[in-house]
Every structure is written in C-alpha cells, then in structure tokens.
Amino acid sequence: MKNPTNLYVNKELIEAGDPFILRFNGKYYLYPSTCSNKHEIYCFVSTDLVNWSSGYVVCKDKVTSHAYAPEVIYYNGYFYLATSPNGGGHYIFKAKSPLGPFKRITNNILNMIDGSFTIDKDFNLLFLRANHKGISILKMDENFNPICRKNLQADLNGWTEGPSITYRDNRYYLTYVGNHLESKGYRVCYSVSKGIDSHYEQPLYNPLLIKTIDEYNCLGHSSTVLAPDLDGYYIAYHHLVRVFDDNKKHLYNLRNVGLDRLHFNGSMLTTSPSFFEVENPKMPDLYEDLSASKNNFEMINKFILSKKETKKIFTAEFNFRHKTKIVLSYKDINNYSFILLKDYLLKVYKVKDNKRTLINISKLPIKFDCFRNIRIINKEDEAEILIDNVSVTKVIPFLNGKIGYGKLNSIYFTAFTNKVLGESDKEYANIIPGNIDCLHSLENKKYSLDEDDINYVTLNENETVSFKVKGYLKQKYHLAILCKCDEECEVLLKSNNDEISCSLKAINNEYKYIFKDLKVLNISENDLITLKVIKGEITYKALYVEQFINKEVNENDIKLVNLDTNTIECDFKFNKFSDDSYFGLVFNAINYSKHDCNPSPSFCGYLVGFKNSLAVVDGINYGSERTYDVPQDIKINKTYHLKATIQNSICEVFLNNKKIISTTLIHPYTYGLKGIYINSHADVVVENFKGGKLWKNQRYYFSY
C-alpha cells in the first residue's frame, strides 16, 4: 500500500479531491469530487482499501458539473448522496444501490458546501456542513430540508470545511479542515464529544493531519472508515500536486487520494501521512459473502454456522435483510446465544444446558424490512451492539464459539476478527514523523483512563516499552514525551543503531502532564524505538517524533532559523502603537505555510512578545491562543531588551533582565525553528536578535 492511491476512469488517471469512502456489505465505495464539467459523479470499489476498480458513473444530472465533495449514506433501505456543485448549496440524490443510478430528489437546499450525513441514536438523519466559522449540524425533515441548525465547536480561526463524524467506543469524533486547499498548511483537525450534537471539545493535540515540508503536502478534506479487519480505522484525504512546465511555470494543480491508519486513545486521535510503501490493511480472521458462497460456513442443526470459533474477545459483523436470528457463542444445540431481530425490537437470549434466558430487550425506532448491518464489539466486561453504525445497547459479554444465523436466506457479508477497539494497531508500524500513543507499544502494558479522557501507562524502574516505526529515510529525529514524573527520572531511548539517555526533572505546576524533551535519535526507515526507565518512575500518554527542519523562513512578517538553544532575546522599540500591533520571539515553529487565506501567524509553535503593550505568551496554531499575559508600561521610542527561555514546557520571560512571566506550556511544540514575528500593524524596530549564535546582527523594520 502506497500513497497516493491512483484512480482511473476508462484507463485514464483522474484527479480525485475530497474523497469520501462508504463501507457497505464488506465493500468500500469511494466518491471523489468531480473536477470537470462532465455532469457526472464517479464511484470506485474495493474490498481491501488497496485495489480499486475503474470508476463507475453513478450519477448523471445537469446540476452535477464540478460536483464538490459527494458523500453517501445508507439509510432505511436507500442510499442518499449529497453534493454541492461549484460550492453553491446542496442537492440530494437517492438510489437503491451504492453504484446508483442516483436520481435527484431535491432542488438546491442551499446550506453552503461540504454536506455530510450521519445518524443519531434515535435513527434520525442529520446533516453536517461548513459555515463561516466552524461546522453546523442540522436535522432533516421528510423532504430532506435541513432544519434546527446547531453550531459545533470546530473553529479554525478562519474558513472551516470538510466535516465528518465517526462514532467509536462511547465517543463521537468530528473531523474538519482549515486553511486554503492550495496552502501547504491545509490540515485536518478534530473535536470529541460524548453526544452527537452536544459540546465538542477541541484537544490541544491538533492538527491531526498536516505536512508542510517535502513534496507531500496540502493534506485535507478527510473521511474516516472502518478497516477491513473490523478493528482499526483509516483516514482518507487528498493531497495536492503542482504541475509545472519545463520552464518551471505553474500550469495547474491535481489532487490525489491518501490513506493512512488512524489511531484512537480515548479523546486523543493520532495519524501520520505516509508517501512510501506501508503494510496493507489486514483482513478479518473469518469473512464471506454468504449470498455468493458458504465455504467457511456449514449447516449444523438447521443453523448456518462458521467453521471457525471466535475467541473470548472479538468483533463480529452480520449483514442481512428482513427479520432474522443471529447466533453467537455456539458450542452445541444446547449451549449458545442468539439475537432475535423483529420490527422495533432487539432481544438477546442465552441458551445454557437447553434452558433459554432473556438477557436484554431493546425497543428500536426502526423496522427490519430492509437491509441491515449489525456489528458486535465483544470486550471482557461488556458487548456493544451497533445497527447501521448506531450504538443501540450494551449487554453482558458473549462467550467464544461459532457465529452464524438461524435463517438461511437473505444473509450477506459476515465476518469476525479476534480483536476489539484497535488492538490490531500495534501489529502495524507507526509512521514517523508523528505521534505514537501509549496503547501501541508491543508490550501488553496495563493502561488507565485519566480525567482528560486519555489513557496513560506507568513505567517503573527497568521497565521497557517498544514501538515499531517506519519512515522515509534514515535520519535524525527529535523526540519528546507527554508525561508526568513526580520525582527526577532517567530514561534510555534506543533505536537499532543509536541510543541516548535523558534526565527528566520533576516540575511542580498546575498541569499533571506536560511535554518534555528527549533529545535526538538516529532512526532508520524500518526500526524499533525502545523506551526504558533507568531510574525512577514515569507515567506517559504519547511519544512525539519530530522531523528536523533544515529550511529557514524569510518572509515579510516572519524570520525563522535553526537555532540549537532554549533561550532567545532581542532589543525592540515601538515607534507607535496600534490596536492590533503584535510581535515577539518565536519558539519551536513547525508547519510554517505562507498563503493569503491562512490565519496569521501561519505556523504551529509559540510566540513570546507583545500585543500592543501587553506582554504575552501565546500558543500558535494558525492563529493564536493565549497562555499567559501581563500588562507592561511600554513607552514609545524607548528601547527594551526582551529575553525568553523555554525548556521542558516551562517558559520564563524577562524584560530588561527582570522576570515578568513564568508559566507552563501545554501545547505539543518542543522542537522547531526560532525567530521573530511582526505583524503588519506593529510599527516596531527589532535589532540584535540573539540565540545560540548571533543572527546577522541586523535591524528589522516592519512599518507599513
């Protein structure tokens, strides 16, 4: 499996932006934007997310010229497609098959761009779309008109688009994108909620998906889909390729599909973009389309049952039409469990020694007069039952055994895998640079969920965790760790060809977990990173592996260079103040991207400086977020000396050698470029910028 995923129509490679993937009856259906005036929408089919069919025309309509972001949902027997042609509102289409033909059933229902469907716990059809400052979610009436609008917490300091909601393990994950699609900083971010339309919390660990260096960038407009193994997830997105002529004149842009594995750790999502060969998605332990064959199943006592048994922990999926009887934990005719599905009712029974016991009865707002999908996630302590990706009930866990049906007709794709909730993720190498959460070590460590809804692992002296990693080249990486240690701790980091030791000091502050530097490690393309505690104890959530940045930045408003130092300083003088003047020292800048539509400052990192005469420490993530501020009596035409240090998430700020700020930083920016940022409203002179070395000893005038 290698990005980009190329898609063809009649053997011709096509541009494929805004990829949406529908999983239905064990197959994947990919619908990209139509970037032409052919009045057609295409669909591509796969069983493994690797090999894709040639494109099918699934919709032909006069309104579908430049059909942006088509998305499809299966809902109560039909497939519904929404698209926003030329970004001018939405049209809804309907079909009996994911391959169409989709027929238009509405006029323009307006509501901006990037419509996306989802279903709530009461099986109401909901509609997400972009708004001027975030994402809106709306119910749909019987005529598919969106009503009852509610804005979700998805503000990216500018235009936000490309929404998608994924349910997993009691949480709803809302993904969305920001910046212009031609900006290298086009990025995917996320928020998390316990209710589909309730408050969404935007974590600090955004962006989820971004890459501004190398040639694989402009990553965005994603959808999330269940992996073939029924246990993991993949995120599909597009990246942009700029095409030039022989004279390096820019001709046009192309967008292609990328696919990477998505990792969940409570409220924390992690993924890393790959543009090199990675492992193919694995298939389930057992799977078959029973409408076509029954090679892995057999008839036993009038049941159609799998020849293999599940283990104690498993995820199973059943696809069927009309009311049916789903069999689990089958040992013999006297010992098994079954789920009986009739209109508006779901009943769970256990048969033990030929005695039937009703375990659970759930009233549902749906009938079983059409195709339905049931997925069962069977953990040690409970089993969760989902119908058409909606969680409907939880019951005591099922036992191991064979699975199948008590009815032989109208049954389709059926599968199980002996994993639950991302256990299979550790079988895949973690893509670097990127973030590696604590759940994906090769060792089976005990983990716990903290008050921030993220799992953590505690390592005692001489304990070790290891991670498989895969990168593009053998090179040096900077490492950091999201952790807490109540007393000084020493750790050893090893790759196959390098090792370093680091001392982590205990820091008393208001935050339990902070980011701490772990120095630099040489890592090969295919490697094993090992973290061992030499002294003390450490509790951690994630390991951050950052790529070194060699390219310096010299733009009108910002100067960034490589400096190996924790302290930078400069002299500055305001010629005059304006209401929006903003300047300061930049620390640990990554993901820099220059584009007119980007929020400013256009990078991720920290800024220590002045907003007018207010001394500030700001986290920067394409726009600023205040960490700390304190007023200062700054005079016009007077020179001041500003000095700042950042080490192990502690920032100290000095003005004329007097400490004015000491604060803890909580964003994950521990490595990057250093420099100066001055916006267009600041009439300020900066000189004698110093870090570990003198940087040109040059004055910078930013007066406009």
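A nonpolar core is a set of buried Ala, Val, Leu, Ile, Met, Phe, Trp, Tyr and Cys residues joined through side-chain atoms within 4.5 Å. Buried means under 20% relative accessible area, exposed over 50%, and partly exposed in between (1.4 Å probe, protein chains only). This is a predicted model, in which local features need pLDDT of at least 70 and side-chain atom pairs count only at pLDDT 80 or more, while totals for chains, interfaces and linings use all residues. Residues are numbered from 1 along each chain as its sequence is written, and side-chain values use heavy atoms, with hydrogens and water left out.

Q: Which residues touch the most other members of the largest nonpolar core?
A: This core has 52 residues. Its largest share, five residues, comes from strand β19 (residues 233–244); strands (E, at least two residues) are DSSP runs numbered from the N terminus. Another core, of 51 residues, lies apart from it and includes V553 and A615. In the largest core, the members touching the most others are I21 and W52.

Q: Is T64 buried or exposed?
A: T64 is placed in the loop between β6 (56–60) and β7 (67–75). Beyond four places in sequence, its contacts (heavy atoms within 4.5 Å) include T34, I41, C59 and F93. Because its relative accessibility is 0%, T64 counts as buried.

Q: Which residue's backbone oxygen lies 2.7 Å from a polar atom of the T64 side chain?
A: A polar contact is a pair of N or O atoms within 3.5 Å; within protein, one must be able to donate a hydrogen and the other to accept it, and residues adjacent in sequence count only if both atoms are side-chain atoms. The backbone oxygen of H39 lies 3.0 Å from a polar atom of the T64 side chain. At 2.7 Å lies the backbone oxygen of D61.

Q: With the side chain of which residue does the N131 side chain make a polar contact?
A: N131 is in strand β12 (residues 125–131) and is buried, with a relative accessible area of 4%. A polar atom of its side chain lies 2.7 Å from the backbone nitrogen of K133. The side-chain to side-chain polar contact, at 3.2 Å, is with N151.

Q: How many disulfides does a search of the whole structure find?
A: A disulfide is a pair of cysteine sulfur atoms within 2.5 Å. For C502, the nearest cysteine sulfur, that of C489, is 10 Å away. For C570, the nearest, that of C651, is 14 Å away. The number found is zero.

Note on methods
Helix = DSSP H or I, 4+ residues; strand = E, 2+ residues; numbered from the N terminus.
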